[in-house]
Amino acid sequence: MDRKRVLITGGTGRLARNWAAAICSEFQVLLADRRRTESLLQAQHMRVDLGDKRALTRQILDGSPDIVVHASGLANVEMCEANHGLSNKVNVIAATNVADVCAFLGISLIHISTDHLFSSGAGWFLETDVPQPLNVYARSKALAESSVLDCHPDALILRTNFFGHAAPGRQSMSSWILSTLQAREPVRLFSDVFFTPVLASNLARDAMELVRMGAKGIFNIASKDRVSKYEFGMLLCEEFGLDKNLVVSESIDNRSDLVNRPHEMSLSGLKSELYLGRSCKSVGEHIRDLRIEDDLGLGRLIVKNRTPYGRHQVSEPDIAAVSTQMRVGSLTQGETITEFERAVANRVNAEYAVAVSSGTAGLHLALLAADLNSGSRAITSAVSFASSANAARFFGAEVDFADIDRKTLNMTPETLKATLGTSGGQLDAVVAVHMAGLSANMQGIRSIASASGAAVIEDAAHALGGHDADGNPVGSCSHSDMTVFSLHPVKTIAAGEGGVVTTNSRDLYRRLLRLRSHGINKELDTMTEAKDPITGDEITPWRYEMLELGFNYRLTDVQAALALSQLNRLDDFVSRRRELACLYDSEFKDHDLVKPYHQAWRSFSAHHLYIVDIGFDRISLSRGELMRLLSEEGFVTQVHYLPIPAHPYYREAGYGLGNVPNATSYYRGALSIPLYVDLSDGEARRFAATLKGLVDGNRT
Ligand SMILES: *Cc1c(COP(=O)(O)O)cnc(C)c1O
């Protein structure tokens, strides 16, 4: 039988992460949050907009859960007090939207409430006790309960207070106490605030069982015994073998700086005991379960995100554009491709654009359109993705490699000239790469290429949305014949796979179109023959003629719909990348062993990659070891690139690194670190701190 699907909101938060860890062997878990953020847990991850009911309906429908757990909320009491609007938006409106949508779609709902609802009394509150909220937070949670039940009368509402493993960037009460005590620093805890806390994973298991039993309405999930916060700290000390003398008792009455809070939050678990047919665990038992989970390494999985070095962003409009294309449009060659081509040409200020099936296909076609053949010679940058060079090798042309400049990481007019000297002077095409999104000096490169009559092609796979030093958009071909972009998801905008070539030459444009589609001409007015070669009839409209050996390098309309929708956000993409790049710049400012590239050009790079130079000769870690340690923290890094002539294929063909010393020395220290539109500032800072920590901790 298929496992049931459980969608948990607040997917990067503490409760959601602990919940997912507790149930993911039994259920298919979808962690949903404002950003699609991956965890190390066995779960799927998706984006949801809790504030937008229409979007949310579509998103939940797409996730098709059997059960929704609404674990998202703003539990920071001071923040709620300071910002009523936010408290209402997060705790009431979002909860109501979720309940409304779940009711509408017939999906079971678990809504997480709080124990923070009462202002007086002796504790052991029952589900039938009417909330008496003391502050804005409590009011918002009480209001949410009734609003959720109004929308979704079958919802299960859980009043509780939980602890568990910390989530990314967020401490939990227990993790804060433990980490403080482990650092041998004192913690001050209230001895006059009482509660009945449970371990988040136990809460999750109880909740899933209640849902299975069809329970609805309000349930308390509580521990068997009622403890003060101070006693809770002491119990943690006992279980984890920490110094009890560091736990200091204080009275909440002495904390006039805090928002008014209840002294008594303890809940009676009697009703859930009756339903579940077993008695509640004591606080000590919950804490013991926490330690067992800790020993099993669960905490590490919960607290960490999986952060790649690069990732695309897919938004609801993107999804809508693709599904519209599939409903009403064509799948392969229709108007959306043309529309996308026109939009790209407009955007980069070029006359023409030709969409192709990949950046690599674009490079291949560009070289063929420039009339290169097996007797030709091209020069590209030594530091690039292999296809910058491969494209010429596809048809047997010679390739040579120009060294890079150690600052821009690009080929320069000088290194091009030097390579030209050693390669005997023949030059038919230059493929200039805009490394990491920074435009090469195309004006200088063009003037050297022109002297040899060579075509100039920009490999701008990294540089859509960037500009050259004079402010021309990359792709405008101000100093080149053609510019090639990639639409691979890790690049600036995504089409799945895809590429696009821009040019200002009508002849090149027509040639690219023809080569993209088998070398076929379909335009009657330009047919080379007036009569059918077999029947002798007049040429009729069905007729097409193949004029040269071409390829099927077409983009599909479905991909073009995605790319077109993404193109609308190009400015946002580039500016978010720039923001993150500047954040990293300040994180690594003045660090002697972690040195960012390209800082001087933040204003016009497209920021495809953020590359740092690491002083590996002064630390005891190799790059492989450093990358492995980072990946244990959930951070995926990458190296861009092994110099192309160092690949076995090129070495076997006789290439070497003798003429590219800068490429080689660059390669030794290079590391590309996480940079993508949905990367949060917090995650970027955590990455920077982790990297600096590892480098500083391993100095020799
Ligand atoms: C990605 C990339 C390519 C190839 O693009 P695809 O769309 O993946 O074929 C070419 N050159 C550079 C510099 C690239 O980064």
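# Reading a predicted fold, feature by feature

Guide: Let us start with Y641, which counts as buried because its relative accessibility is 10%. Buried means a relative accessible area under 20%, exposed means over 50%, and partly exposed lies in between, using a 1.4 Å probe and protein chains only.

Visitor: What should I keep in mind about the kind of model this is?

Guide: This is a predicted model, in which local features need pLDDT of at least 70 and side-chain atom pairs count only at pLDDT 80 or more, while totals for chains, interfaces and linings use all residues. Residues are numbered from 1 along each chain as its sequence is written, and side-chain values use heavy atoms, with hydrogens and water left out.

Visitor: How many helices and strands does the protein have?

Guide: These are DSSP runs numbered from the N terminus: helices are H or I with at least four residues, strands are E with at least two. Here the protein has 24 helices and 27 strands. Its C-alpha atoms fill a box of roughly 95 × 70 × 45 Å along the principal axes, and 58% of its 700 residues count as buried.

Visitor: What share of contacts joins residues at least 24 apart?

Guide: A contact means heavy atoms within 4.5 Å. Taking contacts between residues at least 6 apart in sequence, 75% join residues at least 24 apart.

Visitor: Where do the centres of the positive and negative side chains lie?

Guide: Lys and Arg count as positive, Asp and Glu as negative, with His and the chain ends not counted; each charge is placed at NZ of Lys, CZ of Arg, CG of Asp or CD of Glu. The protein has 72 positive and 82 negative side chains, and the centres of the two sets lie 2 Å apart.

Visitor: Now for the aromatic rings. How many aromatic pairs are there?

Guide: A pair of aromatic rings is described by the distance of the centres and the angle of the planes. Rings of Phe, Tyr and Trp (its six-membered ring) pair if their centres lie within 6.5 Å; planes under 30 degrees apart count as stacked, over 60 as edge-to-face and the rest as tilted. By this rule the count is 17 aromatic pairs. One of them is the tilted pair F385 and Y641, at 6.3 Å centre to centre with 50° between the planes. This pair links distant parts of the chain, 256 residues apart: F385 sits in the loop between β17 (377–381) and α15 (387–393), and Y641 in the loop between α21 (623–632) and α22 (648–652). F385 is partly exposed, because its relative accessibility is 47%. Turning to Y649 and Y650, their ring centres are 4.7 Å apart and their planes at 90°, so this pair is edge-to-face. Y649 is partly exposed at 43%, whereas Y650 is buried at 1%.

Visitor: Which residues form one aromatic cluster?

Guide: Look for Y584, F588, Y610, F635 and F687.

Visitor: Let me try T12. Which side chains share polar contacts with T12?

Guide: A polar contact is a pair of N or O atoms within 3.5 Å; within protein, one must be able to donate a hydrogen and the other to accept it, and residues adjacent in sequence count only if both atoms are side-chain atoms. T12 has such a contact of 2.6 Å with D33 and another of 3.0 Å with R170. T12 lies in the loop between β1 (5–9) and α1 (14–23), and counts as buried because its relative accessible area is 13%. Leaving out residues up to four places away, T12 also touches others, including R17, T37 and A167.

Visitor: Why is α1 described as largely enclosed?

Guide: Nine of its ten residues are buried, so α1 is largely enclosed by the rest of the structure. Among them are R17, N18 and W19.

Visitor: And Q28, where is that found?

Guide: Q28 is in strand β2 (residues 28–33) and is partly exposed, because its relative accessibility is 28%. Its side chain makes a polar contact of 2.6 Å with that of R5. Beyond neighbours within four places in sequence, Q28 is in contact with R3, K4, R5 and V6.

Visitor: One last stop: is L267 buried or exposed?

Guide: L267 is buried, because its relative accessible area is 1%. L267 lies in the loop between β14 (247–250) and α9 (270–276), and its contacts beyond four places in sequence include F118, W124 and F125. S251 is in the loop between β14 and α9 too, and its side chain joins that of D192 through a polar contact of 2.7 Å.
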